[in-house]
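Welcome! Take a moment with the view below, and then read on.

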Amino acid sequence: MKSQKTKTGRKRNASPRQSEPVEVYCRIRPLDDPNEPGCVNAIGDTVVQLLPPENAVGKNGQLKEYQFTFQHVFDEFASQKTVFDYIALPLVEDLVAGKNGLLFTYGITGSGKTYTMTGRPEDQGILPRCLDVIFNSIGQQQASKYVFRPDRLNGFEVQSEADAMLERQKRDIMPNLTTPSKTSLKKMDSCDTERITDVTKVDTVEEDNNYAVFVSYIEIYNNYVYDLLEELPYNAITGYKPPQTKLLRTNASDNMYVHNCTEVEVKQPQEAIDVFYKGQRRRKVAHTTLNAESSRSHSVFNIRLVQAPLDDRGEQVVQDPSRLCVSQLSLVDLAGSERTNRTKNSGDRLKEAGNINQSLLVLRTCLEILRENQKTGANKLVPYRDSKLTHLFKNFFDGDGKVRMIVCVNPKVADYEETIHVMKFAELTQEVVTAKSEEMSKFDIGMTPGRRRMHQEQLDKMEPIGVPIFPAVEFTVGPPFPLLELLNPTDDMTIRNIVLCLTERMKRKREMAVDYERSCTSFRSQLLELEQNYIQARNRLQEVEERSALKEKEAARLDSKNKSLEKKLEERDRLLKDLEKENQLLSLQVQDKAWKIQVERNAREKLRSDCQNRIQMNNQAWEKNLEKARRKFEVEAECKLDERDRKLEMLRDIVNENECATPLLRSRGHPQPTPKPRTYTTPAALPSARSESDMTSVGSSTIASSARAATGRIGNTRVQSRNTVRIPAAKSITNLDLAGVTPSISKS
């Protein structure tokens, strides 16, 4: 429940923040039996020695003595006053100076932690002494009750003296006017043991500030946070309802606090102690084997000191929340660690012990990781959130206040093993370093110092109430009576004097009656005038109230209109935001479609270029194929021509056999026919760019025409070849088939 520290008005020093270690102190509890041997001894003011018991068995049969060093060691003879002055008094001084502090007691069960924190009425502990010193220090500089008011968000509000007086009447005076109940009468009749107060006083109190003290009391039970000062609703049938768990939250300054926790403003130390014991009665305490009243939860008693400067006249607090300075002192009584084999716990006690040990283990883990990060420069995550205890005081370990720990030790031999673990944890804690709280200068808000003192001097100079300003007026009714004693019966002088005196007194009485009537008439007229003035003033006041009511109605109407306009404006803003979101969505859709179109266009362009490349490749392939077919055809035609020539050679040989008949024919006068030369045609070149069907048709027709042209007709012709022969006509040879070539031989 870290406080929100509002230190506006204080000037920070420009020097960088320094660091300081967590201060750990050791206190040794006295043994119940002084003759019983112990295992813990104090060696000097800073060293503690642990002696193993006689029946202990060490490693390898060897026993080892331990020595641990602390900031200070308090032996079993140290008083509560000594412990307070050495450990807690500096934290109270820091609290008055506007700094935070954390003090917690640690140890095994039955080691004296609760006694060190609370003590007894005749020998007060740290907590009551802190309250005594705080109220002794602020003295008459306390603000009126309810001038500072908690806002339930870990902050405070400032009220004027008039508002605070109205709230006092509403909350304190009016409820007390009812008939007291039997419970309250019983409470009034009961009285606690008279306690001995601490008279120590802190001298660093700011003279021109007003102070207020707020206390709260919570407990962490089974890793749940409960408010011990919360008013529980009562039902006549079911009784008091169980308390609700509280949540941990952070304020605007990232400080942890318990949300919706009850904070009580106290004006005296005894009032704060009564509040403490009220919560103490609801704290979870149970009987165990090792302790008759063992704490089953971690308790946190917070003291928050609120201070604010006075105005320029030194009468009231400045009505500005930013001028507040809130400091906090947290006093934590940790539950003791337990071993099940010693306590023999079961059921709820076993569950409570497991949660206590788990929270203490998380505290140790957090301190170990902090020490490792500080020594090695690592940046490991500290698991504050694993336990409500460490999560609540996270800001203290991050440097938001001074941290001190009191290790309470029971020197019993039976607690030797657990005491070693406690000492090792304390030694580890001393190696953790926190950021030192920054020094704050005095409040400097541009006003004259000593305002309170000057205002008090002016009040002392004024005459006290009840002393008359004008001297008293003596009223006499005539002259005093003369001597009334008659010395003889013939004493006429005395009787005459008495008659003159009575006559004068009667005359004076009548004058006084007339004056009285005149005064009454004047007073009556003045009273009537005052009454008329009062009636006129009341009428004017009614008129003012009517005008004020009209203005309030007008203000309410304008306020409602303003709210409706603000609502419409919010709706339009919401509509505008929706339209902007829709516009953004449509823009994204347009961009997406444009991107898809561009991608499709690119794909089509790529497909077109691929098709053109394929067509070119196909054309080139067809040209190559046609060239191959042409060459193949030429080779085949050449082969056929060679075959025909061979056959013609054979034919020539046959014809030469009949040469003998040739002169006979010549002699008879028949002319010899002239043979026609042999000719053939080759296929013409085809165009390079044609379709596949055109190329196929052109190729087939060209090959057919080339074949027909190459074969020709053989008749009575002259064949031109590599060996040209002349073939005469012969009647005996007709229609000779030459391997597919059919020459026609005509008659001569």
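## The protein as a whole

Of the 748 residues in the protein, 36% are buried. Please keep in mind that this is a predicted model. The chain forms 15 helices and 27 strands.

## Helix 1 meets helix 3

Let's begin with a pair of helices. Two packed helices are described by the angle between their axes and the distance between the axes. For helix 1 (residues 80–96) and helix 3 (residues 126–138), the axes come within 10 Å and cross at roughly 50°. An angle under 35 degrees would count as roughly parallel, and 65 to 115 as roughly perpendicular, so helix 1 and helix 3 are oblique to each other. The crossing of helix 1 with helix 3 is right-handed.

Which residues make this contact? Helix 1 contributes Q80, K81, V83, F84, A88, L89, V92 and L95, while helix 3 brings I126, R129, C130, V133 and I134. Sorted by class, the residues of this contact are 10 nonpolar, 1 polar and 2 charged.

## The annotated site and S111

Next, a stretch that carries a label in a database record. An unreviewed UniProt entry gives the annotation "binding site" to G107, I108, T109, G110, S111, G112, K113 and T114.

Is S111 buried or exposed? Its relative accessible area is 2%, and buried means under 20%, so S111 is buried. Leaving aside residues up to four places away in sequence, S111 touches R29, C408, V409 and N410.

## Helix 8 meets helix 11

Helix 8 (residues 348–376) packs with helix 11 (residues 416–429) at an angle of about 35°, and their axes are 9 Å apart. Helix 8 passes helix 11 in a left-handed crossing, whereas the crossing of helix 1 with helix 3 is right-handed.

From helix 8, the residues L363, R364, L367, E368 and R371 meet H421, K424, F425, L428 and T429 of helix 11. This contact of helix 8 with helix 11 has 4 nonpolar, 2 polar and 4 charged residues.

Technical notes
Residues numbered from 1 in each chain as written. Predicted model: local features only at pLDDT ≥ 70, side-chain atom pairs only at ≥ 80, totals over all residues. Heavy atoms only, no water. Axes fitted to C-alpha atoms, helices over the stretch in contact; angles between N-to-C directions. Helix = DSSP H or I, 4+ residues; strand = E, 2+ residues; numbered from the N terminus. Parallel < 35°, antiparallel > 145°, perpendicular 65-115°, else oblique. Left-handed = near helix turned anticlockwise from the far one by under 90°. Contact = heavy atoms within 4.5 Å. Nonpolar A, V, L, I, M, F, W, Y, C, P; charged D, E, K, R; others polar. UniProt positions renumbered as here; feature names shortened; annotations may be inferred. Buried < 20%, exposed > 50% of the residue type's maximum accessible area, 1.4 Å probe, protein only.
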